[in-house]
Amino acid sequence: MKECNLDRRQFLKSAALSAATIGFSQQAILERAEAATRKTDYSQKIPHRPLGRTGASIPILQIGTSQALDQEYDKILHLLFREGVYYLDTALSYGWGSSQKAIANFASQIGGRHKLWITSKSSAWSLDGFAEDIDKCLADLQTDYLDLYLSHSVNNADAINRDLIQIGEKLKKSGKTRFFGFSSHGGNVVALLNKSVKIGGIDAILFSYNFRRYGDRELSLALDRCKEAGIGLIAMKTMGSVPADAEAVLDFKSQSFTLGQAKLKSVWADDRIDSVVVEMDSTKVARENIAAAKSEEQLTANEIHQLNRLAAMTAQYSCQGCSHLCEEAVNKSAKIADSLRYLMYHECYGKTDIAKEFYHLIPMNSRSLTEQETIIAQSVCPQGIDIKSRLELAQKTLSS
Ligand code: SF4
């Protein structure tokens, strides 16, 4: 992997080159790039960690691109790139394909795709579809290889099998991807991690992990096993988001960090985690996250205590996606975890349109529970979520 941080002169040159392709005058783009880089501190780099045993060293901060990207000139991607965040996490489905196309344009503006690490994912249901989708990813991204190709949103350990591993091996041999693995939003994460260790052939796993998961002994042991097996671990959903008014129950106080920065620091404090993928939908958030990544200061005991209190006080709003507990308990095709995840997209990220689109894919009879099923599901929920009222809210908010 080549060093991907441009120095200031290189950046100005490549920004100017990109001007020709997107229609700005040479002078205008130089002024714009000059202004954008004036305050950038190039002396500090984003720390890197090895990605499992892949041999790759990656920055501890990555950008997740399911957020809307500017198709012509995405100033957040440019800001992050200047600061050494050159790892982009996308998927065939993000923005219904627009994410990958925006990244292709961005790559041409910074001087070439080889300056980026690109992870993409396929949600194909079949193994053949998974193999075919990589060609669509490569076409959208205008490249001939991915750095990491993931089977998207795996939540059943049975899906981690020899057939999948063989397809991954084949794709790596073909040169279409350097590394291979899967992502998971939920299900039995411990089982997924343990199966990956047992079966071998998984280079990296992208999974939900945040300050709310500390203290989960089984998860911690599974992370140890993955680390021992050399599997790269990348965390997502690191904000552990709940609605803003619920989170306001705690007035986070710190001399050094915002609450968002503290949440990131808490994940980086776990050295089994190689990197985190975070959505950054404003330059303000991007700058905050960059500053947190570069800071060598660690959380104080008091700051950790506040995060623990926040986790406890807001647990009932934070679905962990452990669908194997509540959904298997009611023994039906209920989609509790998905419904609550889409509600979170609406409540926490303001992504109401996407939340509605996904929610509409859930069959009507999988959106609610009977009284008896509700009692059973709630009795096994480790978060103490009022599943009945949350499902009703999802129905009311997202079904229109
Ligand atoms: S509702 Fe509770 S048991 Fe069900 S997935 Fe969410 S956190 Fe897990």
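This is a short tour of one structure, stop by stop, with something to select at each.

**Before you start**

You are looking at a predicted model, in which local features need pLDDT of at least 70 and side-chain atom pairs count only at pLDDT 80 or more, while totals for chains, interfaces and linings use all residues. Residue numbers run from 1 along each chain as its sequence is written, and side-chain values use heavy atoms, with hydrogens and water left out.

**Stop 1: the ligand**

Select the ligand, then the residues around it. A residue belongs to this shell if one of its heavy atoms lies within 4 Å of the molecule. The shell has 14 residues, and the closest are Cys319, Gln320, Cys322, Cys326 and Cys381.

Now colour the helices H13 (323-330) and H14 (336-349). Helices here are DSSP runs (H or I, at least four residues) and strands are runs of E (at least two), numbered from the N terminus. H13 and H14 each supply at least two residues of the shell, and H14 gives the most, with 3 residues.

What classes of residue make up the shell around the ligand? There are 10 nonpolar, 4 polar and no charged residues. In this scheme Ala, Val, Leu, Ile, Met, Phe, Trp, Tyr, Cys and Pro count as nonpolar, Asp, Glu, Lys and Arg as charged, and the others, Gly among them, as polar.

**Stop 2: the largest cavity**

Hide the ligand and look at the space it takes, which is the largest cavity. A molecule sits in a cavity or pocket if more than half of its atoms lie within 2 Å of its grid points. The search uses a 1 Å grid over the protein atoms alone: a cavity is a set of points where a 1.4 Å probe fits but cannot get out, a pocket is an open set with protein on both sides within 12 Å along at least five of seven lines, and lining residues have an atom within 4 Å of a point. Grid points are joined across faces, edges and corners, and a volume is the space filled by probe spheres set on the points.

The count comes to 2 cavities of 30 Å³ or more. The largest cavity holds about 90 Å³ of space. Its lining has 14 residues, and those closest to its centre are Cys319, Cys322, Cys326, Cys381 and Ile385. H14 provides the largest share of this lining, 3 residues. By class, the lining of the largest cavity has 11 nonpolar, 3 polar and no charged residues.

**Stop 3: the second largest pocket**

Next, select Arg213, Asp216, Gln320, Cys322 and Pro382. Of the 16 residues lining the second largest pocket, these are the closest to its centre. The volume of this pocket is about 290 Å³. Helix H7 (189-199) and H13 are the elements that give two or more residues to its lining.

Which domains does the lining of the second largest pocket draw on? At least three residues come from each of domain 1 (44-307) and domain 2 (319-398), with bounds taken from an automatic or database domain assignment. The lining divides into 6 nonpolar, 6 polar and 4 charged residues.

**Stop 4: two positive phi angles**

Most residues other than glycine have a negative phi. Go to Gln142, in the loop between helix H5 and strand S6 (146-151). Gln142 is not a glycine, yet has a positive phi of about 55 degrees. Is Gln142 buried or exposed? Gln142 counts as exposed because its relative accessible area is 65%; buried means under 20%, exposed over 50% and partly exposed in between (1.4 Å probe, protein chains only).

Move on to Ser153, in the loop between S6 and helix H6 (162-174). Ser153 also has a positive phi of about 55 degrees without being a glycine. With a relative accessible area of 30%, Ser153 is partly exposed.

**Stop 5**

Draw a C-alpha to C-alpha line for each pair below.

- Ile134 lies in H5 (residues 127-141) and is buried, at 0% relative accessible area. Ile134 and Thr177 are 43 residues apart in sequence and 8.5 Å apart in space.
- Arg390 belongs to helix H17 (residues 387-398) and is buried, at 11%. Arg390 and Ser339 are 51 residues apart in sequence and 8.7 Å apart in space.
- Asn156 sits in the loop between S6 and H6 and is partly exposed, at 40%. Asn156 and Gly186 are 30 residues apart in sequence and 8.9 Å apart in space.
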